Amino acid sequence: MRTKQLTSSFGISALAGLAMGAMAAMSAPAMAQDTIKVGILHSLSGTMAISETTLKDVMLMLIDEQNKKGGLLGKKLEPVVVDPASNWPLFAEKARELISKDKVSAVFGCWTSVSRKSVLPVFEELNNILFYPVQYEGEESSRNVFYTGAAPNQQAIPAVDYLMQKEKVQRWVLAGTDYVYPRTTNKILEAYLKSKGVKPEDIMINYTPFGHSDWQSIVADIKKFGSGGKKTAVVSTINGDANVPFYKELGNQGVKAEDIPVVAFSVGEEELAGIDTKPLLGHLAAWNYFQSVETPSNSDFIKAWKAYTKNDKRVTNDPMEAHYIGFNMWVKAVEAAGTTEPDKVIDAMIGVAVPNLTGGYSAMLPNHHITKPVLIGEVQENGQFDVVSKTSGLVPGDEWSDYLPDSKDLIADWRKPMSCGNFNVKTGKCGGKGS
């Protein structure tokens with residue numbers, strides 16, 4: 001595979017001096033109270049609240065910790081929290097409000113790709129910075145976005161490889177919520193599977209709307225598809241609260257992990273918290289972090305999280321780690337730039353490396369993606385994951401898929417002078433897919 005790798009003269013003078021002194025006296029407290037505002041753009045209601053609320057909480061914790069260290073550039077950080085309510089157009093409205101009205105220096109937010117694509121034009125128009133913490137479908141690289149979640153080569157492709165090699169899977173159900181992330185990811189996976197010799201009749205693709213609750217017929221179809229004598233697995237890009245009835249119906253119909261394993265890309269510790277995990281035992285998830293990872297940095301993070309929330313039952317998860325990485329990268333870049341001015345921070349971000357929670361350092365690449373380990377975890381009864389597979393090193397995020405014809409020749413490099421998100425290595429031109 002190719003490596004893809006900013007009245008009297010005295011009286012007037014006296015009065016002027018007094019006025020200037022008064023202004024200085026008035027401005028000193030104002031300057032002392034000056035803050036750096038940080039936007040938090042996560043759904044706190046609606047179908048995605050099950051996943052996004054905890055990301056708002058971890059951002060508040062990270063900001064609080066930074067303020068205890070003295071803030072940033074001599075100023076306190078001030079979080080500005082908004083609720084786009086799982087309403088994709090509202091994400092754009094709230095993003096514009098954060099940037100134009102609240103004057104935030106950067107925004108940490110979004111979960112679904114449709115919400116990210118909704119706000120993308122706003123960040124590019126107003127030249128602000130978005131840190132996006134969730135796995136996504138790739139096929140994008142914006143100068144104004146830093147993608148701290150996994151690209152497909154850091155989650156989806158390794159998950160399929162694991163199932164092929166360890167579980168000897170031959171038939172594939174690609175089940176997703178009906179929006180851009182599952183559809184594009186499954187397009188990549190379908191092409192990848194076919195490149196590995198999987199026949200079209202051994203691939204079943206199914207989409208359901210957000211919040212879908214009636215899984216009876218779909219699970220029955222999955223059982224039937226898996227009854228043909230070939231080892232079958234489900235690759236799930238189902239998002240949000242629809243996961244709860246999906247796994248429950250698998251249990252109702254007796255679909256066990258040893259028969260038809262499910263590997264999920266959007267089910268983590270937060271989604272498992274407080275639900276019956278019996279139907280999920282043995283099923284899998286592919287992430288770049290699990291709470292069960294045993295490292296000193298992760299132990300400290302979990303301890304700080306439980307102390308901050310004052311709740312020993314609160315769990316950590318992968319997108320939280322992505323915010324942890326992204327926030328610390330932003331702090332480091334702002335300190336290097338000596339300003340929160342977006343253009344200078346964007347330039348300073350490339351090459352920044354900070355500790356992750358699984359061991360080692362994650363670095364920001366010229367394509368605005370980061371290096372991450374890939375982990376496969378098996379659901380345990382306590383809602384945690386037993387790590388059954390981990391890459392030996394960190395995997396660089398690949399923004400353009402090698403398995404899609406229009407993307408395989410593209411790279412992104414936001415360093416000057418190239419500063420391009422879709423450079424075609426065959427034509428030597430920037431600006432679009434294909435030749």
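Which kind of contact joins the side chains of aspartate 409 and lysine 408? Select both residues: the side chains of aspartate 409 and lysine 408 meet in a salt bridge, with 3.6 Å from N to O. Colour the pair by accessibility next. Aspartate 409 has a relative accessible area of 15%, so it counts as buried. Lysine 408, at 31%, is partly exposed.

**Confidence**

Before going further, note that this is a predicted model. Colour the chain by pLDDT: the mean is 91, and 91% of the residues reach 70 or more. Then select residues 1-32, where pLDDT stays under 50. For residues 1-32 the model has 25 contacts beyond four places in sequence.

**Further salt bridges**

The structure holds 17 salt bridges. Select glutamate 125 and arginine 96, whose closest N and O atoms are 2.8 Å apart in one of these bridges. Their positions in the chain are 29 residues apart, and the pair links distant parts of it: glutamate 125 belongs to helix 4 (residues 113-126), and arginine 96 to helix 3 (residues 88-101). Glutamate 125 is exposed, with a relative accessible area of 52%, whereas arginine 96 is partly exposed at 34%.

Move on to aspartate 178 and arginine 183. Their side chains form a salt bridge, at 2.7 Å from N to O. Aspartate 178 is partly exposed, with a relative accessibility of 41%, and arginine 183 is also partly exposed, at 42%.

**Helix 5**

Select residues 156-166, which form helix 5. Is helix 5 largely enclosed or largely open? Eight of its eleven residues are buried, so the rest of the structure largely encloses helix 5. To see them, highlight Ala156, Ile157, Pro158, Ala159, Val160, Asp161, Tyr162 and Leu163, the buried residues of this helix. Then step past the end of helix 5 to lysine 168, whose phi is positive, near 55°.

**Helix 12**

Select residues 342-349, which make up helix 12. The buried residues here are Pro342, Val345, Ile346, Asp347 and Met349. Display what lies over them: the cover includes strand 4 (130-132), strand 5 (145-147) and helix 11. After helix 12 comes glycine 351, which has a positive phi, near 95°.

**The second largest pocket**

The last stop is an open space. Rolling a probe the size of a water molecule over the atoms shows where empty space is left. The second largest pocket has a volume of about 180 Å³. Which residues line the second largest pocket? Select Met61, Leu62, Glu65, Gln66, Lys69, Ser297, Asp300, Phe301, Tyr324, Phe327, Asn328 and Leu357 to show its lining. By type, the lining comprises six nonpolar, three polar and three charged residues.

Helix 2 (49-68), helix 10 (296-309) and helix 11 (318-337) each contribute at least two residues to the lining. Helix 2 gives the most, with four residues.

How values were computed. Residues numbered from 1 in each chain as written. Predicted model: local features only at pLDDT ≥ 70, side-chain atom pairs only at ≥ 80, totals over all residues. Heavy atoms only, no water. pLDDT = per-residue confidence, 0-100. Contact = heavy atoms within 4.5 Å. 1 Å grid on protein atoms, 1.4 Å probe; cavity = no way out; pocket = protein on both sides within 12 Å on 5 of 7 lines; lining within 4 Å. Points joined across faces, edges and corners; volume = space filled by probe spheres on them. Nonpolar A, V, L, I, M, F, W, Y, C, P; charged D, E, K, R; others polar. Buried < 20%, exposed > 50% of the residue type's maximum accessible area, 1.4 Å probe, protein only. Salt bridge = Lys/Arg side-chain N within 4 Å of Asp/Glu carboxyl O.
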